[in-house]
There are 2 protein chains.
Amino acid sequence: MSYTVGIDLGGTRIKAVALDAAGAVLARANEDNGGADAAAWTVRIASILAAWRAELGADPTHIGICAPGLAGRDAVSIEFMPGRMEALQGHDWTRALAAPVPVRVLNDAHAALLGELAHGAARGASNAVLFTLGTGVGGAVLANGKLVRGAIGRAGHLGHISLDPNGAPGITRCPGPLEDAIGNHNLALRTGGRYHDTAALLAAVDTDPLAAEAWGRSVRALGAAIVSVINVLDPEIIVLGGGIAASGEALFSPLRAYLDAHEWRPGGHRVTVVPAALGDAAGALGAAYFAVHFGELT
Amino acid sequence: MSYTVGIDLGGTRIKAVALDAAGAVLARANEDNGGADAAAWTVRIASILAAWRAELGADPTHIGICAPGLAGRDAVSIEFMPGRMEALQGHDWTRALAAPVPVRVLNDAHAALLGELAHGAARGASNAVLFTLGTGVGGAVLANGKLVRGAIGRAGHLGHISLDPNGAPGITRCPGPLEDAIGNHNLALRTGGRYHDTAALLAAVDTDPLAAEAWGRSVRALGAAIVSVINVLDPEIIVLGGGIAASGEALFSPLRAYLDAHEWRPGGHRVTVVPAALGDAAGALGAAYFAVHFGELT
């Protein structure tokens, strides 16, 4: 049976999916990634591929892998991922897996947008933007129907939009970055140690003025970044993914009010802003889509 | 002789150029635009086209027109230009000129980037960004070799990047926009009435601490917006055009220092930031390029 494979290699888990030509799911895997080194990851992924080869009676026609970090323009490997998962850097997946077809490698947030494009909230879009709101803030951009990767694969790092030219630098040295205004990673710092994750903060916004004030600052920061992205990229749709975006109306209600005040709406046109539809399945689905449509998307 | 025409219709002038197949200039025009209504503009442009038809012995093979405002995705007209040059809205240039070929219409800053791409500072780029720094701030984005126009032609409005979620709204309602931090339009307001244009401000930065402080704020705002654009679009090159960018080292020296501190440089990679090469000729050249390469660029 003809099928394609998408793999999402994260810091702790490997999620993989096998799809038929119509995009229907034939098989799924979701397991521990095996540790911190490339050899362990490779063994796990090879084992998933071997099982599906036996089960489906053939090699896949396309394989895509997404992971954190900046993927090379040749889509052979992650070229830059310092600090965390350094073993990814330069690891050539086609060679490591002795793969029957070239393995197409891309950034995990880029893959999540493509997953939403193929199967989720961004279906049919030619110009779309995804924000991933979690521990940190990432994202991806689709323009003219193509994935914007940029010169060195850095495009889509929406968490590193500056909201204050004189602000404290974030991990990429960006002054006053969006990531430091809404990401979970520094929420304790932003709330004097009172809250450690956004769910707890949101549970308290009606009773604790400090929580309400902190959340208001976060939403305004996200709103301003969305306004900027609208004015620079003019997408048809903006998709909000990641754990924080799953907060529902606690996020979308004040965000809508901010956009009602600050979005440029020529002729009454407004940009659609919606939650992601696929949750953490988006990456593997998008990696498969990238592998199949590599020529058109790049 | 086979030739293409590019026309830049501005608030006061019409600039036009006729190019041969190799991109060499066969003829130029630069004249008053004739007034505020579409009929007057049309008469002037028709007259330029008629003169070149007589001179060059043929109709042009391609015609492009750029103007302020948001061009439709069909590139038939400017669809949105409220307040200033409203007569542009919906004016169908192919029909108005009884043109021998479809006239391709685009935004003037988009055209300026394409001019720099074809003949100037951005030659050879696949991913490039232009900032136009003048009375206001505009710009344009090229990604994957294509002009990013967006859903309603709004893409590239880099002056409407927010630098403060709580800032005063600019003309598009963007809070704390770049345009209001560096554009000439409100320099008097930013300097307590002391300076009315950036050239005068720059002449005083060594002697007037207020001028130095105001200019420093402007450069930091531009630097932060450039950092954001780098992290979101990852261009190979950023081109700075418009009157303020012609300030040379007074702009580029402090801007380099800001980027040395705040640009994300994975593996030491740094984005090239250069002044525009073509001055106010870029728009007409880019309009011609757009007309010839419409299929590939969109």
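Author: In this predicted model, the contact in chain B is made on one side by W215(B), V219(B), R220(B), L222(B), G223(B), A224(B), I226(B) and V227(B), which belong to α7(B), and on the other by A250(B), L251(B), P254(B), L255(B), Y258(B), L259(B) and H262(B), which belong to α8(B). Sorted by class, the residues where α7(B) touches α8(B) comprise twelve nonpolar, two polar and one charged.

Helix α7 of chain B spans residues 209-233 and helix α8 of chain B spans residues 249-262, and their axes come within 9 Å while crossing at roughly 50°. As for the hand of the crossing, α7(B) passes α8(B) in the right-handed sense.

The counterpart in chain A can be described in the corresponding terms. There the axes of α7 (residues 209-233) and α8 (residues 249-262) come within 9 Å and cross at roughly 50°, and α7(A) and α8(A) are therefore oblique to each other. The crossing of these two helices of chain A is likewise right-handed. Among the residues that make the contact are W215(A) and R220(A) from α7(A), together with P254(A) and Y258(A) from α8(A). The contact of α7(A) with α8(A) has twelve nonpolar, two polar and one charged residues by class.

The relation between the chains themselves comes next. A rotation of 180°, with 0.0 Å of shift along its axis, superposes chain B on chain A with an RMSD of 0.0 Å, and the two copies are thus related as by a two-fold rotation axis. Within chain B, the C-alpha nearest that axis belongs to L163(B), at 2.3 Å from it. Both copies use the same surface, since 100% of the contact residues of chain B recur in chain A.

Elsewhere in chain B, five strands make up an open sheet with mixed pairing, in the order β3-β2-β1-β4-β7. Its edges are β3 (25-32) and β7 (103-107) of chain B, each with a single partner strand, so one side of each has no neighbour in the sheet. On average, and with direction ignored, neighbouring strands of this sheet are turned by 15° against each other. Within it, β1 (residues 4-9) and β2 (residues 13-19) of chain B pair in the antiparallel sense over six bridges, and L9(B) has I14(B) as its bridge partner in β2(B). Helix α3 (residues 108-119) of chain B packs on this sheet, where it touches β1, β2, β4 (62-67) and β7 of chain B, its direction making about 105° with that of β7(B). Helix α9 (residues 282-292) of chain B also packs on the sheet and touches β1, β2, β4 and β7 of chain B, with its direction at about 130° to that of β1(B).

Note on methods. Residues numbered from 1 in each chain as written. Chains lettered and ligands numbered in written order. Predicted model: local features only at pLDDT ≥ 70, side-chain atom pairs only at ≥ 80, totals over all residues. Heavy atoms only, no water. Least-squares fit on C-alpha atoms with pLDDT ≥ 70 in both. Contact = heavy atoms within 4.5 Å. Axes fitted to C-alpha atoms, helices over the stretch in contact; angles between N-to-C directions. Helix = DSSP H or I, 4+ residues; strand = E, 2+ residues; numbered from the N terminus. Parallel < 35°, antiparallel > 145°, perpendicular 65-115°, else oblique. Left-handed = near helix turned anticlockwise from the far one by under 90°. Nonpolar A, V, L, I, M, F, W, Y, C, P; charged D, E, K, R; others polar. Pairing = 2+ DSSP bridges.
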